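Have the sequence and the 3D view open as you read.

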Amino acid sequence: MGKDRTGKKQDGKDRTGKNRTEKTGLEKDRTGKNRTEKKYPPYIPSSVPFLGQAIAFGKSPIEFLENAYEKYGPVVSFTMVGKTFTYLLGGDAAALLFNSKNEELNAEDVYSRLTTPVFGKGVAYDVPNPVFLEQKKMLKTGLNIAHFKQHMEIIEEETREYFKRWGDRGEKNLFEALSELIILTASRCLHGREIRSILDEKVAQLYADLDGGFTHAAWLLPGWLPLPSFRRRDRAHREIKKIFYKVIEKRRQTEEKEDDILQTLIDATYKDGRPLNDDEIAGMLIGLLLAGQHTSSTTSAWLGFFLARDRSLQDRCYKEQKQVCGENLPPLNYDKLKDLNLLDRCLKETLRLRPPIMTMMRMARSPQKVGGYTIPVGHQVCVSPTVNHRLQDTWTQRLEFNPDRYLGESPAGGEKFSYIPFGAGRHRCIGENFAYVQIKTIWSTMLRLYEYDLVDGYFPTINYTTMIHTPNNPVIRYRRRDQH
Ligand code: HEM
């Protein structure tokens, strides 16, 4: 019996030794004759028409996929709400998605219906991928170290200001607080002074309505349905763009140039020399803010709960602040932030156990071969960081929160694509460095302000109903550190 390139058994049987319910298909050659037999990935059967596995998956997607991996191996298909999904589980199988061309495994086909109504036309998944790649490059130019140094000052200041409302001790919803704080810091850092200065409750509500576009409903239901959430999203989109146009217009007219990301976009040109128009800039500003909003606020909240659960680790992180920055804890700076290695590893471990993007998805536009199987056209091909990050075959003490695992050489046995919180390949995240700067600055400041505990030992369970897996009932107990 042979092993395929994923190293898994290829004997047509599942891991329990039973025969898999597997379909085969015949490929025809140009003369119309049957040539070779295709073997489709093992398919998880369901007796529920249309919905298929939606209920089992929706209840506990990670458990569902882990069981599927155990039973069927690294490539497995199933149907939900009339769509067929094929998951590539584990680093080897995932390579197909990360190494493929966008024309073969396509991102726009699956993401555009969610993102285009929110970001607008002419950007991201509304344009051919080579154009989006150019836009990503422009954004990346703005996400540079010189700007991060400015951002850190802003983030520390915003964080200190924000937590004044928490007083000396109490219990508060940590996720809510961090979501509010992150929109303030991201708006100031990624959009600039002018847009941050008009961020009041009304504008925050517009962002919330826009954000309401990122739901399972928006992804699954036709866009023309007159749902209130769709209407609110579309209205918010128009209103926010109007605000951004005014700011862009004003910037274009002022002589003195600011040194920030908005200015980078105003000055940027495509390869053919064409500058970005106001609509593209406004769309990219919305994209920048929202791409980092839930991802960073969920990650920051989970990090807080991991630290609250392990007081000795929290104390080590606080001591590290003093060791690296100085006993009297002066304002943070970029070089010192880099040297906060333990905090860095805690963030890295949070992203392992709670990666905010649970699934990356592509549409198979051509048949894809992997692990001895052929994935047919029309399947939604998926990789789950959450599953890869805790695979039994790859990680030791896989469910333990252990930031020191990264002190060794290669915590996942050097296996490629076993740690992918920011994706990989052509669609890889451009916000990783900014996210690290933002979250580390926020948590450095928060560690200096307070000590944290779980409330009556409760560590949040995971809310699987949202697209990004948020903590349930995320209330934390805090007490101001003795001032000395
Ligand atoms: C903890 C924070 C973040 C996490 C975990 C995260 C995760 C990811 C992942 C997994 C992808 C790949 C998606 C795919 O392949 O389908 C991605 C792409 C991307 N992210 Fe992030 N992200 C974070 C923060 C940010 C921030 C702060 C920004 C902007 C400043 C950003 C902008 C982008 C962009 C532009 C892409 C490219 C999408 C593409 O090319 O298809 N992200 N991110």
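## A loop residue to start with

Does Leu-329 count as buried or exposed? Leu-329 counts as buried because its relative accessibility is 18%, where buried means under 20% relative accessible area, exposed over 50% and partly exposed in between, with a 1.4 Å probe and protein chains only. Leu-329 sits in the loop between helix H14 (311-325) and helix H15 (334-339); helices (H or I, at least four residues) and strands (E, at least two) are DSSP runs, numbered from the N terminus.

Before we go on, please note that this is a predicted model, in which local features need pLDDT of at least 70 and side-chain atom pairs count only at pLDDT 80 or more, while totals for chains, interfaces and linings use all residues. Residues are numbered from 1 along each chain as its sequence is written, and side-chain values use heavy atoms, with hydrogens and water left out.

## Positive phi angles

Most residues other than glycine have a negative phi. Leu-329 is not a glycine, yet its phi is positive, at about 45°. Phe-417 also has a positive phi, near 65°, and belongs to the loop between H17 and H18. With 12% relative accessibility, Phe-417 counts as buried.

## Around the ligand

The ligand has 25 residues around it, and Tyr-111, Tyr-125, Lys-136, His-427 and Cys-429 come nearest; a residue is near if one of its heavy atoms lies within 4 Å of the molecule. By class, this shell has 14 nonpolar, seven polar and four charged residues. Here Ala, Val, Leu, Ile, Met, Phe, Trp, Tyr, Cys and Pro count as nonpolar, Asp, Glu, Lys and Arg as charged, and the others, Gly among them, as polar. Helix H5 (129-142), helix H13 (278-309), strand E7 (360-364) and helix H18 (432-449) each give the shell at least two residues, with the largest share, six residues, coming from H13.

Which protein atom is the donor of the ligand's iron atom? Cys-429 (SG), at 2.3 Å, is the only protein donor, donors being N, O and S atoms within 2.8 Å of the metal (3.2 Å for Na, K and Ca), with water not among the atoms, so sites may look incomplete. Cys-429 is placed in the loop between helix H17 (385-388) and H18.

## A pocket and a cavity

The second largest pocket is lined by 24 residues, with Ser-179, Glu-180, Ile-183, Leu-184 and Ala-204 nearest its centre. On a 1 Å grid over the protein atoms alone, a pocket is an open set of points with protein on both sides within 12 Å along at least five of seven lines, a cavity is a set where a 1.4 Å probe fits but cannot get out, and lining residues have an atom within 4 Å of a point. H7 supplies the largest share of this pocket's lining, six residues. The lining divides into nine nonpolar, four polar and eleven charged residues.

The largest cavity has a lining that includes Ile-62, Arg-354, Tyr-464 and His-469. By class, the residues of that lining are five nonpolar, two polar and two charged.
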